[in-house]
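Me: I am new to this structure and would like to learn how to read it. Could you walk me through a few features, one at a time?

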Amino acid sequence: MNEFDPTDLVSHSNVFDPTVANWDAVPRYPLSADAARTLLYMQDVESHTVIYLRELLSTRAVNDPEIAGFLATWFYEESAHGRALARFLTAAGHRITPRPRAARGLGERIEALGITCIAALWREFPVVHMTWGAINEVTTLTGYRRLAQLAGHPVLAELLGQIMRDESRHFGFYFEQAERRLAASVRARRITRALVERFWDPVGAGVQPIAETRVLARYLFSGADGRAAARLIDRTIHRLPGFDGVALMEAWIDRYCPSDQLADAPTPRLQQASDAA
């Protein structure tokens with residue numbers, strides 16, 4: 001692999017440009033409650049990147065020059081995505097109540113401690129981060145594509161198209177890194193797969209209420225087209241060495257989103273701006 005150049009990623013990103021979307025046109029088109037709720041979830045996940053970065057930098061990953069260089073650009077772009085999505089929601093007439101980033105639940109603190117301990121003991125631990133990142137990025141990329149199709153909002157589709165170009169490059173980096181590292185070690189393949197099968201949840205599940213993750217999964221991955229998108233995520237990760245047949249997105253949906261149960265939990269961070277004034 002050629003040496004990674006983070007400036008190349010930056011040069012291809014323009015989502016931070018204020019002219020990336022016609023913001024004045026946003027309120028001219030309707031945005032359904034399901035689309036707004038899904039968008040809020042995605043905005044929160046993108047804004048949570050700083051916490052994930054903190055966890056990554058506490059592991060051996062920071063010692064790898066390729067990964068460290070990538071993370072600088074990845075954080076820059078993911079944070080810009082969060083700001084752009086927040087601006088869209090505001091322009092659409094919704095008001096977002098920011099959630100403190102420093103506060104972490106008990107589960108998150110235990111997970112972070114476990115990551116730190118395993119990373120300290122296992123020299124090849126960055127392969128887990130790269131594999132996890134590949135899964136999350138292809139899930140996010142597919143989710144944005146589905147949202148653009150379902151929402152039917154032309155300005156949102158344009159904005160998500162810009163974001164997806166960044167996410168596609170992020171996925172490419174994670175996948176290549178994971179593929180190369182998994183191929184080099186039988187032990188890495190076995191341990192990484194075991195950790196993914198035991199602990200993986202859809203991106204954002206650790207920082208959002210489970211009811212919100214279920215609502216998002218039903219909205220994006222229901223019906224024939226939604227299930228096809230979920231299967232595409234799984235088939236993409238099956239291409240990684242040692243991951244053939246691993247149960248991921250479709251299995252999670254079957255387990256946590258049975259069709260006979262509906263989650264109508266309120267979304268307190270999202271309100272009509274006029275109601276919140």
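Reply: Happy to. Let us begin with burial: a residue is called buried under 20% relative accessible area, exposed over 50%, and partly exposed in between, using a 1.4 Å probe and protein chains only. Before we apply that, note that this is a predicted model, where local features need pLDDT of at least 70, side-chain atom pairs count only at pLDDT 80 or more, and totals for chains, interfaces and linings use all residues. Residues are numbered from 1 along each chain as its sequence is written, and side-chain values use heavy atoms, leaving out hydrogens and water.

Me: Is Thr131 buried or exposed?

Reply: Thr131 has a relative accessible area of 0%, so it is buried. Helix H6 (residues 126-151) is where you find Thr131. Helices here are DSSP runs of H or I with at least four residues, strands are runs of E with at least two, and both are numbered from the N terminus.

Me: Which residues does Thr131 touch?

Reply: Contact means heavy atoms within 4.5 Å. Leaving aside residues up to four places away in sequence, Thr131 touches Ala178, Leu182, Thr192, Val196, Leu240 and Phe243.

Me: And Pro27, is that buried or exposed?

Reply: Pro27 counts as exposed because its relative accessibility is 54%. Pro27 sits in the loop between helix H1 (6-11) and H2. Its C-alpha atom is 9.9 Å from that of His153, although the two residues are 126 apart along the chain.

Me: How many helices and strands does the chain have?

Reply: The chain has 12 helices and two strands. Along the sequence their pattern is α-α-α-α-β-α-α-α-α-α-α-α-β-α. Of the 277 residues in the chain, 51% are buried.

Me: At what angle do helix H2 and helix H9 cross?

Reply: Axes are lines fitted to C-alpha atoms, for helices over the stretch in contact, and angles run from 0 to 180 degrees between N-to-C directions. The axes of H2 (residues 33-47) and H9 (residues 210-221) come within 10 Å and cross at roughly 125°. That makes H2 oblique to H9, since angles under 35 degrees count as roughly parallel, over 145 as roughly antiparallel, 65 to 115 as roughly perpendicular and the rest as oblique.

Me: Which residues make the contact between H2 and H9?

Reply: H2 contributes Asp34, Ala35, Arg37, Thr38, Tyr41 and Met42, while H9 contributes Glu212, Thr213, Val215, Leu216, Tyr219 and Leu220.
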